[in-house]
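Dear colleague,

Please find below the structure that I am handing over to you.

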Amino acid sequence: MTMLEDRVAIVVGGASGLGDAIARRFAKEGATVVVADIDEPGAKVVADAIVADGGNGIAVPCDVTKSADVNAMVEEAASIGPRIGVLVCSAAVESLVPIVDLSDEDWQRVLDIDLKGPFLCMKAAIPHMVKGGGGSVINMGSTLGLIVAPGHPAYCAAKGGLVNLTKQAAIEHAPDKVRINMIAPSATTTGLFMKHSAQAPDPEKLRAQIGAMNPMKRLGDPEEVCDAAVFLASDMSTYLSGSVLPLDGGMAARRIV
Amino acid sequence: MTIAAGLDWTNLLADKVALITGAASGQGRAAALLFGAQGAKVVVADFNDEGAAETVKMLEEQDSEGIVVHADVSKRGDVDVMVDTAMERYGRLDVLYNNAAVQMSGRLVDCTEEEWDLTIATNLSAIFWACRKALPHLIEGDGGSIINTASTLGLIGSEGFAAYGAAKAGLAVLTKQIAIEYGPQVRANVIAPGSIDTPRFRKVLDKTPGAEKFVEQLKKGIPVRRLGEANDVACIALFLASDMSAYVSGAVIPADGGLAVYR
């Protein structure tokens, strides 16, 4: 038995990190996966791997900051055949610069990709979901959208904004049977965290330190994020909308969220 | 620990033992049947022995396994015996689902001391007692999961639920505390149901004048425009009970069709 048959799942930011892992998992669960990413060769690697594994997947280039790109990508997804049942917004960048040193350009870039991107993707995809009788949107937030850490002003602001955008969208489209939820992961052994931690003098030491900071005393595994994504994408969670699911080994429980 | 891709969705709780309080009806019974169908042995705890026996009968009819344990969770002695009985029968405990609760309405000045004490005992102290007794066993096993049922009314204020709201809000923070203190071995999470159409909900409704109109009003305030069903909640509980949520701890998951988002 698979959980996501008969539907197209768009995974934005599907060429790398958690998006890559989620795209592959959704294909295993029977979805036809649209791997959308600005990194077209990377998206193609993931889509090809899905097909080689017996699943259905295509790569579609998409810059989430450009509405024309997003609209064209969603139209292509809609033309595949099965209804667009799932949208995952996983494209994100981080900027590790404190407020006073942060340039206007970097601020704008992070806000455009991490916050406006999901807005444009939802705006384009939700009407198709409504037409198809419903759907599930998963916005990838972050522990840093719930609690803050020094040195991430743009990222924290974008992910924090995405929390309320998710709730807003959930209320607006609940009567249409489109559910909109957030997964808020802490550091996992993939994606942005591995990329940034690789620049530390001793990456393994830093990773161990960060893993030890949370109650479960370890980093998250991308497959664990995929488990939660399948739950939110599937009919297991049909009464769940507007929620923020922390995937953080208990980290956010220490703070007010 | 984590679930391999392409997992078998038919046996998410194989070989696990789950203790569910308030399992004689409603959300507790729905979870008992779903957990059983997913391979768990279910300890059906309730003070309603007849309903609990019926739940076990339903488990057996679907070829699942379960036992009845009599427990009035507002009494510490009952709670201790409940956990001991589960251990004596099955020798292990993997999931503790504290679902039993009382709901008494009443604005603060109308809330009697008896109502206050019973609400706090059943909806908050009972969970402390059960977790305290069960944690050593959950720690012994491989990846224990505690699921505590709070309520939308534990996240937001609502007229007429002084004791209930306080108990449920306290429960949410108690759960986060447990998540942090017992992190590596045991996960602890909260489900916060909104308006769920269960026998208890209907019982309250029967006493409400203009019930039908009340339900229609209620639905208008729920973004998905319907009451929840016991199975809606049970599916979330299954997610939290199983290794599907292996990295989720200290979370509060609403089962409310978006209700709490409005506030």
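**Findings**

A:Ser95 is a buried residue, with a relative accessible area of 4%, in a model that is predicted. The threshold for calling a residue buried is a relative accessible area under 20%, so the 4% of A:Ser95 qualifies. This serine belongs to the loop of chain A that runs between strand 4 (84–89) and helix 4 (104–131). When residues up to four places away in sequence are not counted, A:Ser95 touches A:Leu102, A:Asp106, A:Val110, A:Gly151 and A:His152.

Contact between them involves 11 residues of domain 1 of chain A and seven residues of domain 2 of chain A.

I turn now to chain B. Its secondary structure consists of eight helices and seven strands. The radius of gyration of chain B is 18 Å, close to the 18 Å that the globule rule gives for 263 residues, and chain B is therefore as compact as a globular protein of that length. Along the principal axes, the C-alpha atoms of chain B fill a box of roughly 45 × 40 × 35 Å.

Of the 263 residues in chain B, 58% are buried. Among the contacts in chain B with a separation of 6 or more, 74% are between residues 24 or more positions apart. The accessible surface of chain B amounts to about 10,800 Å², and carbon and sulfur atoms contribute 51% of that surface. As for charge, chain B carries 24 positive and 33 negative side chains, with 6 Å between the centres of the two sets.

Where in chain B is B:Asn189 found? B:Asn189 is part of strand 6 (residues 186–193). Is B:Asn189 buried or exposed? With a relative accessible area of 0%, B:Asn189 is buried. Leaving aside neighbours within four places in sequence, B:Asn189 is in contact with B:Ile146, B:Ile147 and B:Asn148, with B:Thr175 and B:Leu240, and with B:Val248, B:Ser249, B:Gly250 and B:Ala251.

With kind regards

Methods:
Residues are numbered from 1 along each chain as its sequence is written. Chains are lettered from A and ligands numbered from 1 in the order in which they are written. This is a predicted model: local features need pLDDT of at least 70, side-chain atom pairs count only at pLDDT 80 or more; totals for chains, interfaces and linings use all residues. Side-chain values use heavy atoms; hydrogens and water are left out. Helices (H or I, at least four residues) and strands (E, at least two) are DSSP runs, numbered from the N terminus. The radius of gyration is taken over C-alpha atoms; the globule rule is 2.2 Å times the number of residues to the power 0.38. Buried means under 20% relative accessible area, exposed over 50%, partly exposed in between (1.4 Å probe, protein chains only). Contact means heavy atoms within 4.5 Å. Accessible areas come from the Shrake-Rupley method with a 1.4 Å probe; for residues, only the protein chains shown count as cover. Lys and Arg count as positive and Asp and Glu as negative; His and the chain ends are not counted. The place of a charge is taken as NZ of Lys, CZ of Arg, CG of Asp or CD of Glu.
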